[in-house]
Amino acid sequence: MPRRDTADRVVAELVGEHGRTYAEEAGIPLKDTPQPLYRLLLMALLLSARIRTSIALETVRALQEAGLRDPRHMAGADWQERVEALGRGGYRRYDERTATQLGDGAELLTERWGGDLRRMRKEAHGDVPELRRLLQEIPGMGPAGADIFLREVQRVWPEVGPYLDAKALSGAERLGLPKDPQRLVRLAGDVEPAVLSAALVRAALDKNVAQEVLEHAA
């Protein structure tokens, strides 16, 4: 475990170089309103597959450009439209299965929560494990997708935070930082937990990120 001053430098370097949420990178202006929250859900679902992050984020933008930006439009599109939009984003390996999941998920979200994820939030009554469970009722959303959504949504749903899941904590371990979420948040100072979490995930996913951060913080 590094000394406190060293850990401070590591966190500062990490956030300074990689402190950008995945929603920002995908071009989602995250707000506590139905459409941005739905786009965040799509992003989490796409990112959770075994596919490059850049492709998943480009596909989020492709779905937006195709007009598939809310559950009503997603459910109203035919299967081939969804496949083509996924393909334009480069999401070809899983496009047929994912096109089906997106349609089924949009229908479920509309029927059960009126197309508004804030109603799911309300149903969970501030209980994060319950919210995580409810998210996994959406077709295609497993534990990894639910964690991605929660890491990002804590920016506008503060009761979720600080949400640093196993993936974020593996990034902390790679950087020699404590694996306790509360200690990490204290080290980060005024940095939002969503930003800290995203930066730690980047270190977990790319050993070169971690190596460069450690070299510059030394």
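Biologist: Left-handed or right-handed: which is the crossing of α3 and α10?

Modeller: The crossing is right-handed. That term applies if the near helix is turned clockwise from the far one by less than a right angle, and left-handed if anticlockwise. This is a predicted model, in which local features need pLDDT of at least 70 and side-chain atom pairs pLDDT 80 or more, while totals for chains, interfaces and linings use all residues. Residues are numbered from 1 along each chain as its sequence is written, and side-chain values use heavy atoms, without hydrogens and water.

Biologist: What makes α3 oblique to α10?

Modeller: The two pack at about 140°, with axes 8 Å apart. Under 35 degrees counts as roughly parallel, over 145 as roughly antiparallel, 65 to 115 as roughly perpendicular, and the rest as oblique. That makes α3 oblique to α10. The axes are lines fitted to C-alpha atoms, for helices over the stretch in contact, and angles run from 0 to 180 degrees between N-to-C directions.

Biologist: Why are α9 and α10 called oblique to each other?

Modeller: Helix α9 (residues 128-135) and helix α10 (residues 143-153) pack at about 125°, and they are therefore oblique. α9 passes α10 in a right-handed crossing.

Biologist: Why is α3 described as largely enclosed by the rest of the structure?

Modeller: Because 12 of its 14 residues are buried, among them Pro-36, Tyr-38 and Arg-39. Buried means under 20% relative accessible area, exposed over 50%, and partly exposed in between (1.4 Å probe, protein chains only).

Biologist: What makes the pair of Phe-149 and Trp-157 edge-to-face?

Modeller: Rings of Phe, Tyr and Trp (its six-membered ring) pair if their centres lie within 6.5 Å; planes under 30 degrees apart are stacked, over 60 edge-to-face, the rest tilted. The count by this rule is 1 aromatic pair. Phe-149 and Trp-157 stand 5.9 Å centre to centre with 70° between the planes, which is edge-to-face. Both residues are buried.

Biologist: How do you know that the charged end of Arg-202 sits over the ring of Tyr-22?

Modeller: The charged end is 4.1 Å from the ring centre. The rule asks for NZ of Lys or CZ of Arg within 6 Å of the ring centre and within 35 degrees of the ring normal. Arg-202 is therefore listed as sitting over Tyr-22.

Biologist: Why does His-125 count as exposed?

Modeller: Its relative accessibility is 72%, so His-125 counts as exposed. His-125 lies in the loop between α8 (117-124) and α9. Its phi is near 55°, a positive value in a residue other than glycine.

Note on methods: Helix = DSSP H or I, 4+ residues; strand = E, 2+ residues; numbered from the N terminus.
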